[in-house]
Amino acid sequence: MEDSIAVNLSSRRLEVSRVELLLQVGTFCVAVGALIAGIFGMNLKSYLENNTWAFWATTGGIAVGAVAGFFIMYKYLKDRKIL
């Protein structure tokens, strides 16, 4: 009986570790997007502030890049059987 409880608890602990790893990967992808936004948000002169489409292109690129980065990392972790 004790062994079955220990196995059950170990299984739950592994599930929590998997969720924690997914959250860390998601946080990393969002942080990279925040880094890019911070770089563009500095008071530097460039041609991008003169174009109205540049804001939406940069925002869309960051969002698509963060989602793509998450799924690429998720696939990598699944292929390596870490998740």
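Trainee: What should I know before I start?

Mentor: This is a predicted model, where local features need pLDDT of at least 70, side-chain atom pairs count only at pLDDT 80 or more, and totals for chains, interfaces and linings use all residues. Residues are numbered from 1 along each chain as its sequence is written, and side-chain values use heavy atoms, with hydrogens and water left out.

Trainee: How many helices and strands does the protein have?

Mentor: Helices (H or I, at least four residues) and strands (E, at least two) are DSSP runs, numbered from the N terminus. Here there are 2 helices and 0 strands.

Trainee: What is the radius of gyration of the protein?

Mentor: That radius is taken over C-alpha atoms, and the globule rule is 2.2 Å times the number of residues to the power 0.38. A compact globule of 83 residues would come near 12 Å, but this protein has 20 Å. Its C-alpha atoms fill a box of roughly 70 × 25 × 15 Å along the principal axes.

Trainee: Which residues of H2 are buried?

Mentor: Buried means under 20% relative accessible area, exposed over 50%, and partly exposed in between (1.4 Å probe, protein chains only). In H2 the buried residues are Ala 54, Ile 62, Ala 66 and Leu 77, and what covers them includes H1. Across the 83 residues of the protein, 10% count as buried.

Trainee: How do I read a pocket?

Mentor: Rolling a probe the size of a water molecule over the atoms shows where empty space is left. On a 1 Å grid over the protein atoms alone, using a 1.4 Å probe, a pocket is an open set of points with protein on both sides within 12 Å along at least five of seven lines; lining residues have an atom within 4 Å of a point. A volume is the space filled by probe spheres set on the points, which are joined across faces, edges and corners. The largest pocket has about 320 Å³. Its lining has 15 residues, and Phe 40, Gly 41, Ser 46, Leu 48 and Thr 58 lie nearest the centre. Helix H1 (2-41) and helix H2 (53-79) each give two or more residues to this lining, with H2 giving the most, 5 residues.

Terms used: Contact means heavy atoms within 4.5 Å.
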